[in-house]
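Please keep the sequence and the structure in view while reading.

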Amino acid sequence: MSRRILASVAGPVAVAFVAALILAAGNERDLVWRGNGFAAVVVPVKTGTSACQQAINPAESFDGVRFGVAGNLALPGPPVDVTVRRDGRTLARGRLAPGYEGQAKRPVMLDRSVASGTGLEVCYRNRGERTLLLYGSGTGARKKDVTIGGERKLLALQMDLTHEPRSALSMVGTVAERASLQRPGPVGPWLTWLLAAVVLVIVPAIAVQAVRSAFADAPAGD
Amino acid sequence: MGLDLLRRVPRPLGLLLVCVTLLSVAWAIFTPPWQGPDETMHYGYVESVAQRHQRPGVERGSLFSTAQELSMRGSNADKLISISDGRPQWSETAANWFDGIPGTEVTDDGGGAEADGSVNLARNNPPTFYMLQVPVYATGAVLGGVNSRLYLMRLATILTLLATVACAWLLVGELVGRSRGIQLAAASSVGLLPMATHLGSTVSPDSLMYALWTLVLWLAVRSLKRGFERRVVSALVVATVGAVLTKGTSVALVPPVLGVLAFGVWQNPTFGERLGRIRESRGRVLAALFGATAVVVLMAVGGFARYSSQLQAQLEGSIVPQQMASYLWQFYLPRLPFMADLPTVQGIPVYDVWFKGLIGNFAWLQIQQPNWLYAVLGLASIALLVIGGRALWQEQPRSVVIFLAAVAAVLVVGLHLTDYQQGVKTGVGFMQGRYLLPLLGIGAAFVAAAWSRLPDRWVPVATGLLVGCLLALQVVSFSRAAGFWYV
């Protein structure tokens with residue numbers, strides 16, 4: 001009986017854990033920083049002008065930008081120069097070739113990797129003859145961190161900073177670090193590891209004891 | 001006395017409570033700041049009570065305090081609320097950029113109504129939960145800043161989930177007798193359910209409401225099965241009032257509990273004699289008394305509506321019968337070709353909103369379980385409802401079955417009225433799966449009834465499997481949350 005109870009509790013937990021590991025191994029992620037995941041408003045950028053997202057603070061280095069953009073109605077979209085800057089100094093460049101159609105988040109590779117840090121700015125300059133249509137949202141924008149043609153707007157552009165895709169499984173250490181941000185004093189990555197052990201080992205072990213004791217000391221009609 | 005009480009806790013329940021505590025602490029710490037459903041509003045309410053001694057939204061001013069606003073900005077909270085593609089802040093420097101900046105710990109400048117109409121959406125909730133959290137808020141302020149307060153308040157909320165589990169254990173004990181195995185299975189279905197541990201470890205009055213609802217269910221069933229003792233009936237009334245003063249939704253408990261009390265009076269052997277005497281001598285007085293009571297109840301509900309946006313919506317709007325019928329059909333069944341396409345109805349809400357929301361729709365609805373898992377658990381739940389429902393019907397007194405059904409029915413009818421009215425008024429649906437969680441105790445009753453039908457030799461392994469599957473669901477839920485928040 002005791003072994004069957006152990007197997008009945010631990011079996012599903014082990015299966016779920018192994019399945020989660022397998023899924024994480026096959027799940028590739030490239031995200032370093034996300035400004036706004038939401039495409040609620042169209043942000044028109046006229047020929048020869050730029051839209052810039054400021055106050056970007058990536059925690060890791062990156063070599064790609066992915067941003068929400070659309071072709072102009074039925075017409076293909078104009079070319080876009082993407083520059084990454086800090087304190088007015090250009091750190092990396094990339095270009096989105098013209099001719100894209102429809103609304104999508106489109107990736108641009110930068111000419112060099114940019115180190116982590118704070119206070120970065122990513123600018124999108126319209127190099128074509130038609131208006132460039134970027135996407136963004138006022139949701140989540142409580143500061144005017146976007147400029148369009150030099151004018152400050154209460155917006156957040158739909159954009160990501162990216163690096164080489166990595167499996168989610170290879171990022172468990174990163175998960176532990178990220179899950180300890182903005183927590184009270186003593187909380188650090190070590191606590192995330194401890195909680196993982198609690199959920200995967202300690203709680204199932206106590207649960208086995210609970211089931212065993214329920215059938216060990218429960219006289220009928222007690 | 002405390003130690004004596006602890007010694008009286010059955011060992012399986014004690015161990016289950018340890019499991020629930022550990023899982024809830026894990027959820028509380030793993031969840032990024034402000035990612036509990038409506039947590040920004042509930043924290044803001046507590047802060048308004050603690051700092052300004054009033055409900056939020058009474059005076060003009062900022063919606064949130066400077067301290068909360070900066071913490072929310074530092075964690076990317078606004079870019080995550082109900083946005084399925086958002087991510088929290090992953091940069092330590094950015095997340096903590098406001099630490100140490102003079103003036104950023106201002107906590108008494110929130111709780112206002114902003115010029116653009118922004119106001120704390122929780123302001124209509126009764127103040128009970130928020131007042132209970134004030135000492136925790138104050139303790140958190142001693143330990144650190146805004147995030148210390150938030151996380152300490154989350155940890156304090158876990159106590160309400162433990163109370164829910166204990167009450168579910170007692171409820172099942174009344175229904176099927178003191179069978180430790182069945183009680184453990186049923187209480188596990190409450191305490192180890194990922195949505196319960198997630199919501200029970202965020203700052204929200206809902207978890208206290210679940211505890212009080214389950215307490216009411218236990219006390220009412222105990223009275224119906226064992227007879228009406230004065231102290232139990234008093235506790236039942238106090239718990240019901242407490243639930244109503246915690247969240248307006250709990251007004252749904254009032255008619256079934258009044259029914260139980262009326263049943264108790266009717267069952268009392270001396271009542272018939274007394275009623276006869278009163279009829280003879282004071283028939284008109286009695287009629288007037290009943291009439292006055294009805295008026296007072298109606299006035300109380302009307303007056304209380306100011307503490308519940310949901311109740312306000314139910315009382316204010318009108319109903320177009322054909323539209324309501326179409327809405328109800330589409331909620332439970334696929335839309336027929338001649339029916340209007342209602343913007344508030346996505347998929348088949350009884351499954352896509354209610355069931356999925358109960359099995360796992362975390363944070364601000366951005367984190368879901370895999371679709372195949374909902375389907376598998378949906379089939380298992382239907383089997384549980386059929387077997388458990390049949391067993392309850394056959395084995396429990398009619399009064400108990402009617403009471404449990406009435407509690408569920410009044411809540412469901414109220415939710416439909418609100419969803420319908422809000423849909424008509426705003427075009428945006430109101431319904432969420434977690435709104436059914438006050439019925440956790442009734443879910444436990446179904447599990448217990450179904451388990452009571454199992455052959456004795458199967459019960460230990462079935463209980464182990466149920467507990468194991470719930471823990472497996474926890475593992476899946478944590479991995480889904482990690483994938484959304486941190487990868």
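Rings of Phe, Tyr and Trp (its six-membered ring) pair if their centres lie within 6.5 Å. B:W27, B:F30, B:F362, B:F478, B:W485 and B:Y486 form one aromatic cluster. The model discussed here is predicted. The points below treat a strand of chain A, then aromatic pairs, and finally charges placed over rings.

**A strand in chain A**

- Strand β9 of chain A covers residues 132-137, and six of its six residues are buried, so the strand is largely enclosed by the rest of the structure.
- In a regular strand the side chains alternate between the two faces of the sheet.
- One side of β9(A) carries A:L132, A:L134 and A:G136, the other carries A:L133, A:Y135 and A:S137, and all of these residues are buried.

**Partners of that strand**

- Strand β2 of chain A (residues 41-45) runs antiparallel to β9(A) and is joined to it by five bridges; in this region A:P44 stands opposite A:L133.
- Strand β4 of chain A (residues 62-70) is also antiparallel to β9(A), with two bridges between them; A:L134 is the bridge partner of A:V69.
- Strand β12 of chain A (residues 156-157) pairs with β9(A) over two bridges, again in the antiparallel sense, and here A:L157 stands opposite A:G136.

**Aromatic pairs**

- A pair of aromatic rings is described by the distance of the centres and the angle of the planes.
- Over all chains, the count comes to 19 aromatic pairs.
- The ring centres of B:Y43 and B:Y137 are 6.1 Å apart and the planes stand at 55 degrees, so this pair is tilted.
- B:Y43 belongs to helix α3 of chain B (residues 39-52) and B:Y137 to helix α6 of chain B (residues 128-143), so the pair ties together parts that are 94 residues apart in sequence.
- B:Y43 is buried, at 0% relative accessibility, and B:Y137 is buried with a relative accessible area of 3%.
- B:F331 and B:W354 form an edge-to-face pair, with 4.7 Å from centre to centre and 70 degrees between the planes.
- This pair links distant parts of the chain, 23 residues apart: B:F331 lies in helix α15 of chain B (residues 321-332) and B:W354 in helix α16 of chain B (residues 349-360).
- B:F331 counts as buried at 1% relative accessibility, as does B:W354 at 6%.

**Charges over rings**

- A:R178 lies over the face of B:W90, at 3.6 Å from the ring centre.
- The charged end of B:R398 is placed over the ring of B:W393, 3.8 Å from its centre.

Technical notes:
Residues numbered from 1 in each chain as written. Chains lettered and ligands numbered in written order. Predicted model: local features only at pLDDT ≥ 70, side-chain atom pairs only at ≥ 80, totals over all residues. Heavy atoms only, no water. Buried < 20%, exposed > 50% of the residue type's maximum accessible area, 1.4 Å probe, protein only. Helix = DSSP H or I, 4+ residues; strand = E, 2+ residues; numbered from the N terminus. Pairing = 2+ DSSP bridges. Phe/Tyr/Trp six-rings, centres within 6.5 Å; stacked < 30°, edge-to-face > 60°. Lys NZ or Arg CZ within 6 Å of the ring centre and 35° of its normal.
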